[in-house]
Amino acid sequence: MGESSRPCTVWLGSETGILKGVSVSRRQAFNFCDSSQLSRQHEVRTLCWADAAESELLVAAVDGTVKTFSVEKGAFTDMRSCGDSAEGCFVGLAVLDSGATLVTCAESGLLRVWRDESGEPATEIRVGSDVARMRQNPEHRHKVATGGKDNCLKVWDLENPEKPVFTAKNLRNDWLNLRQPHWVKDMAFIPGSDKVVTCTGHHQVHVYDPSTPQRRPVLETTFGEYPLTALSLPAAGGSVVVGNTHGQIAVLDLRKGLVRGCFKGLSGGVRSLQCHASQPLVASCGLDRFLRIHSLEDRRVQHKVYLKSRLNCLLLASRQLEEAGESLGDAEQEVKDEEDDVDEVWDAMEQVEEREENLKRKTSEEEEDSPKRKASGDENPKRKTEEEGENPKRKALGEENSMSETSGEGDNPEKKTSVDEQQQKNKRKRKKAQA
Amino acid sequence: MDITEVPVTQKGKSKKKKNKSDKTKSVEQPDKMETDGVEVKEEKTDAAVVFPPTFSVSEIKNKQRRHLMFMKLKQEKRKQKMELKKKKKRQEKLLGKNAPPKQVPKTIENQRVYDETTVDPEDEEVTFDEATDEFSAYFNGITNPKVLITTSDRPRGRTVKFCEQLATVIPNAHVYYRRGLALKRIIPQCIARDFTYLIVVNEDRKVPNGLVLCHLPEGPTAHFKVSSVRLRKELKRRGKDPTEHSPEVILNNFTTRLGHSIGRMFAALFPQNPQFVGRQVATFHNQRDFIFFRFHRYIFKNEKKVGMQELGPRFTLKLRSLQNGTFDSKFGEYEWVLKRHEMDACRRKFQL
């Protein structure tokens, strides 16, 4: 069981109660189910990592249970009951103190902090009614944000649970002096500051700044005509990815509030979006039963996986999405290291007498030019670099080359002629041009 | 000046044309017959003429000559085709059983791109998903279908007749006038009165063009485009009006997951136990994402022959969107939406 769960980099929860793990590099999807019988009561509502090392997952179901799934073992290890279905489904799950404390929020507005396996919650806060989402600040883990239908965004500090740290104010009355409807569907904390981005059911995106005295949104934009259901912040910052009920996903710029581009391919409503922590990728899942991974740079679909049930929530591992990508990176490094060895090998090898014609043509020229070429031999590798990042590395290589040349000369002065050196330089140039 | 008579050819018009064609050829090969033209022309037209390889019929500027050359080209091609056919037939006769198998012509249905969402009947997850979806109450025999048919506001002629005929086709169906009521207000009332389906026929310029099919307790809402509606009196060779017996239902070619959902939606419109006494059958045939609805009465003449009479209205549907939950086009979550630019780009890819 563990062998199938360890390579999985994307975890999804479905409406049928099955936890799905997808290994993108192997192009396989695995189903992990707790009981032998499937039931709609086990419909997965939220997923969350139980610890920073990402070895355990917390799965919250409709019937009020929170199960722990171990990635190493590939099985469900623990289960605890955190409320019942009468209070509404879970809309948010968070973890404090590296797994000891659990924070859950239900649709009816009950935000509870659970400690140490006890049956009763340690703290209980009423957040209002009709909560749509609760999210935790990844930097200040004791702060959570909640919002819902006609329920403004509130930021709570779990250490002082009486009053919210920040309550947003509704937008101004419109031109007919009527109260504007407000429906927060998803939110995210912008790293590096106190700001919160929310997306609403009235196709608006708001940015709030609790550090300013202004309680109304600092930035307001709209996208499309349908309710926005999911939101995610890319690692690069300055933009936000939103998805709506029609299956349209777009990346919006947070500085001016303009649409930068759309991601095509989804045919059903988006239920969950997540951007990868380091790679420019965004994963989306929804009612059309597909997991799609788009690249943020060219907005094309990189991977598309059919998972047979409607998908509710999504969780990405922070490590590289495709493990094949990692191994490729290693291979590149090995190639660079090999070049030094290769040069030494060439120096140590006997000359090959293939191109005698060239030799004959070139001998007269080379005898004159060879001292010049020796001097410029250092500069060639430097000239050939394209990326500046590699320059120091290449310069080092170049120095090593010159070192090896001189050492080679010192070792075998008799074997080498200027002709051989020219041949070897040609070969090296060709190799570097290819690499 | 002296008037010299120009000798006029005595042959008819057709031969004039052949002269012209000769002349076109002579343009290409200046060294060919200028003197012999008239007499030898018939043989020359049949003889193999060598054109430079980059010559195409469209380069001839004269329309009549060009047309003639094109006709000849077509005749040549057709000749080759017929020869090939004859050859194949001869081969088949000679070889008899060992003849190579006949080639199947390519059709769009043949070339359909494989859809990964095609339902595998042995898949447990999909069977569980279907067994516990919104139609499970119907398929487990708990509820019986009760359908409410209505139209968009202020319907005219054809739409009213269409609704009436639909009501005769679907058992336990009731037609009500819309009278400007909001759908979101009708729906809770329907649920209170145990209706299981709400059908709204949309009208445009006195012709029905849309259909909203809403499964009632909390079920999905499907929006279709309706085209090609033929009412009863427009059908030729039709039988008498349908009776009150429950018809059998045939659902053809709903293979993908989405197709399964839509197929189940249609199946849930009719009562679970058909009355075979009535010999009536309603068919929903899916081809290339268009759903054709037909209503027939059949009779078995002997074991192999069936006689069929088309009875009821005939129409074509195309799915536009499937929404989770009851009718809520603004705030509802869509399970599938037709996006023409993305989905209709490939001719061989179908969704249902």
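Reader: Why does R310(A) count as buried?

Author: R310(A) has 10% relative accessibility. Buried means under 20% relative accessible area, exposed over 50%, and partly exposed in between (1.4 Å probe, protein chains only). So R310(A) counts as buried. The model is predicted: local features need pLDDT of at least 70, side-chain atom pairs count only at pLDDT 80 or more, and totals for chains, interfaces and linings use all residues. Residues are numbered from 1 along each chain as its sequence is written, chains are lettered from A and ligands numbered from 1 in the order in which they are written, and side-chain values use heavy atoms, with hydrogens and water left out.

Reader: What makes E335(B) and R310(A) a salt bridge?

Author: Their side chains meet at 3.2 Å, N to O. A salt bridge is a side-chain nitrogen of Lys or Arg within 4 Å of a carboxyl oxygen of Asp or Glu, so the pair qualifies. The pair crosses between chains, from strand 11 of chain B to the loop between strand 27 (301-306) and strand 28 (311-316) of chain A. Strands (E, at least two residues) and helices (H or I, at least four) are DSSP runs, numbered from the N terminus. E335(B) is buried too, with a relative accessible area of 5%.

Reader: Which residues are linked with this pair in a network of salt bridges?

Author: The network includes R289(A), D129(B), E333(B), E335(B) and R310(A). The side chains of R289(A) and D129(B) meet at 3.4 Å, N to O. Between chain B and chain A the count is seven salt bridges.

Reader: How many residues does each chain bring to the contact?

Author: Chain B gives 24 and chain A gives 33. Contact means heavy atoms within 4.5 Å. E125(B), F128(B) and E333(B) supply 26% of the area that chain B buries against chain A. Buried area is the accessible area (1.4 Å probe) that two parts lose on being put together, summed over both. Here that area is about 2400 Å².

Reader: Why is the salt bridge of E72(A) and R6(A) said to tie together parts apart in sequence?

Author: The side chains meet at 3.6 Å, N to O. E72(A) lies in the loop between strand 6 (65-70) and strand 7 (75-81) of chain A, and R6(A) in the loop between helix 1 (2-5) and strand 1 (10-14), so the pair joins parts 66 residues apart in sequence. E72(A) is partly exposed at 45%. R6(A) is partly exposed at 41%.
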